[in-house]
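Q: Please take a close look at one part of this model, the strand pairing and the loops beside it. Plain wording is enough.

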Amino acid sequence: MATFTSLQPRRSEAILLDLGDVASAVRNIVERYQGKRQYLMRMLQEIQKHYGYLPREALEELSRQTGIPLVDVLNVATFYHQFTLEPPGYYIIWVCMGTACHLKGNADNYDILKNILGLNNHSKTTKDGLFSLEKARCFGACSLAPVIMITSRDGSERYLHGHVNSLELRKIVAKYRSTALKKIKEKKGGRK
Ligand code: FES
């Protein structure tokens with residue numbers, strides 16, 4: 001029987017990880033690098049690529065499987081800015097900071113989104129876990145500048161929005177918020 005663990009009980013959608021899946025995902029990565037301490041950064045990068053962040057359970061598993069003390073794993077995971085221990089929001093809003101989008105106002109749009117989402121300088125993810133806000137490089141859709149892209153946390157959804165402005169951003173956030181809440185509700189219903 002699968003064992004699940006809840007990482008973010010305060011948020012509207014807890015992220016459930018199957019501990020068996022975590023062990024096997026980490027094992028695949030550890031085997032690729034022969035569990036060598038000199039490849040700790042690489043193994044952490046792979047874990048983050050797999051989950052979108054570094055789940056505590058995966059770090060514990062990494063320590064168990066490689067014999068590298070957990071405190072050392074955590075030291076590296078928390079020292080480098082490239083790593084995040086927080087799961088991303090249900091939807092991630094990527095604001096293009098490429099030249100065309102920057103010139104057409106995406107720096108302001110980023111601040112507007114921060115404001116709409118209620119984020120401060122220390123948080124990238126909303127308290128309810130529905131949204132994360134990130135900056136991105138050119139999406140190759142410069143004729144639509146300024147552009148934002150919205151992706152789902154699991155990577156299954158990807159939407160591009162062009163010619164965005166402050167009014168539009170409010171509508172977009174409202175639309176994705178209600179979609180995310182609906183999907184979370186459906187998922188919870190399906191788990192019964
Ligand atoms: S600069 Fe934003 S899509 Fe190219």
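A: Strands β5 and β6 pair in the antiparallel sense over 4 bridges. Two strands count as paired if DSSP finds at least two bridges between them; strands (E, at least two residues) and helices (H or I, at least four residues) are DSSP runs, numbered from the N terminus. The model is a predicted one, in which local features need pLDDT of at least 70 and side-chain atom pairs count only at pLDDT 80 or more, while totals for chains, interfaces and linings use all residues. Residues are numbered from 1 along each chain as its sequence is written.

Within this pairing, T151 has R158 in β6 as its bridge partner. The two strands form a hairpin with 5 residues between them, and G155 in the turn has a positive phi of about 80°.

β5 also pairs with β3 (residues 91–96): the two run antiparallel and are joined by 5 bridges. Here Y91 stands opposite S152 in β5. In a regular strand the side chains alternate between the two faces of the sheet.

The loop between β4 (131–136) and β5 (148–152) holds P146. The peptide bond joining A145 and P146 is cis, with omega about 0°.

H163 is not a glycine, yet has a positive phi of about 50°. H163 is exposed because 11 other C-beta atoms lie within 10 Å; exposed means 12 or fewer such atoms, buried 20 or more, and partly exposed in between, with C-beta atoms placed from the backbone.
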